[in-house]
Amino acid sequence: MGYLLSGLKAFHQINPDVEIHIFELDEHKLTPFSFTESFIVYYKKSDYKNLSSFETICKSIHPNLLIVSGRTHAHYLSIAKFYKNKILTVSIQDTQDDKSIRTFIKCLFASFLYKRYFMCLWVTGAHGIELGTRLGYSNKDIYNYCYSADTNFYTSPTNSLQKKVHRKIIFVGRFVKEKNIYFLVEAFKKVNKQLINKWNLTLVGHGDLTTDLIDDLEIEIFSFLPPQRLKEIAQGVDIFCLPSIYEPWGVVVHEFACMGKILLISESCGSKDDFVIDGFNGYSFNPYDIEELERKLLSIFTMDESEIHRMKTNSLLLSNRISSEIWAGQLKALLLRSLTLQSNY
């Protein structure tokens, strides 16, 4: 994804001699993307369908650090098991500690599911750290902020934030059940009926859910948009809403914080705690309580322009908690630790 590329670019700028090899699980992808940068050696996993060919190409690289995003892929686990304790093996872990039965089972069998393959976890946020400790990893083996928005691309200068209120709210994400889009649409329509000065809702994305039944003059729907076009549309909105019933992290929340938007984010979104302070730059809400969302929509819709501008500015402040450069720094820390391990092997 674009945010990964941004982090890798930041890393490459300060570590130009380090080779970066990326294997992509390129089958059944919903979002089109490919690497074209000369400093990345790019492989399609579909070109190495059997384990033998995959092991051969991986071992020929002679890696100094192995990071796996896709912990359930058998071939990836095999390589991680081979390299464990020879170099640092790291699992990207964006799942949050949600106290569910499924998470309880993961923790119960952590030695089998995680620790026989991975020496460290690279997680997202406080709840990700909590899960890491429940999986049996010590604090020194848990690294934070495995995701960052492309802060160099999305961050708006403070003086560029418009004081004008556009009376527009936007959702960006896949059109699937867990994103809870119909819930947002229903709440928006009910609140908007109460207003003399109507607001507009923009939905951006694609997926299995049909949007044919969303028939409202104040609702506009776009399919998948490239980042530049999305950024252009976002300049004319005031609020970003993510109503998901399940959202392990949500890089998109960070992206809209960078662009200085009021955030209205589901309590089920992992990045909510890092980028939303209730009453400061937006609100969180229960994604099953439509009346709560209606109240918070109405609260923002009826704010005066100065308060809306203040909240937008505060989102920009909170976006600085993570950046592409900080992500690159974490990657450098993992590499240095792995090189130390390798020298002692």
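Residues are numbered from 1 along each chain as its sequence is written, and side-chain values use heavy atoms, without hydrogens or water. Because the model is predicted, local features need pLDDT of at least 70 and side-chain atom pairs count only at pLDDT 80 or more, while totals for chains, interfaces and linings use all residues.

**The surface patch**

Select Ile101, Phe104, Ile105, Leu108, Phe109 and Phe112, which form a nonpolar patch on the surface with about 660 Å² of accessible area together. Accessible areas come from the Shrake-Rupley method with a 1.4 Å probe, and for residues only the protein chains shown count as cover. Next, select helix H4 (residues 101-108), which gives the most to this patch, with 4 residues. Helices are DSSP runs (H or I, at least four residues), numbered from the N terminus. Within helix H4, find Ile105; Ile105 counts as partly exposed because its relative accessibility is 42%. Buried means under 20% relative accessible area, exposed over 50%, and partly exposed in between (1.4 Å probe, protein chains only).

**A buried glutamate**

Move to helix H12 (residues 290-301) and select Glu294. Glu294 counts as buried because its relative accessibility is 12%.

**The cores**

A nonpolar core is a set of buried Ala, Val, Leu, Ile, Met, Phe, Trp, Tyr and Cys residues joined through side-chain atoms within 4.5 Å. Select Leu203 and Phe240, which touch the most other members of the largest nonpolar core, a set of 80 residues. Helix H8 (residues 181-192) gives the most to this core, with 7 residues. Finally, select Tyr76, Ile79, Tyr117 and Val123, which are among the 26 residues of a second, separate core.

Conventions
Patch = residues over 30% accessible without salt bridge, like charges linked within 9 Å, V, L, I, M, F, W, Y side chains within 5 Å. Salt bridge = Lys/Arg side-chain N within 4 Å of Asp/Glu carboxyl O. Helix = DSSP H or I, 4+ residues; strand = E, 2+ residues; numbered from the N terminus.
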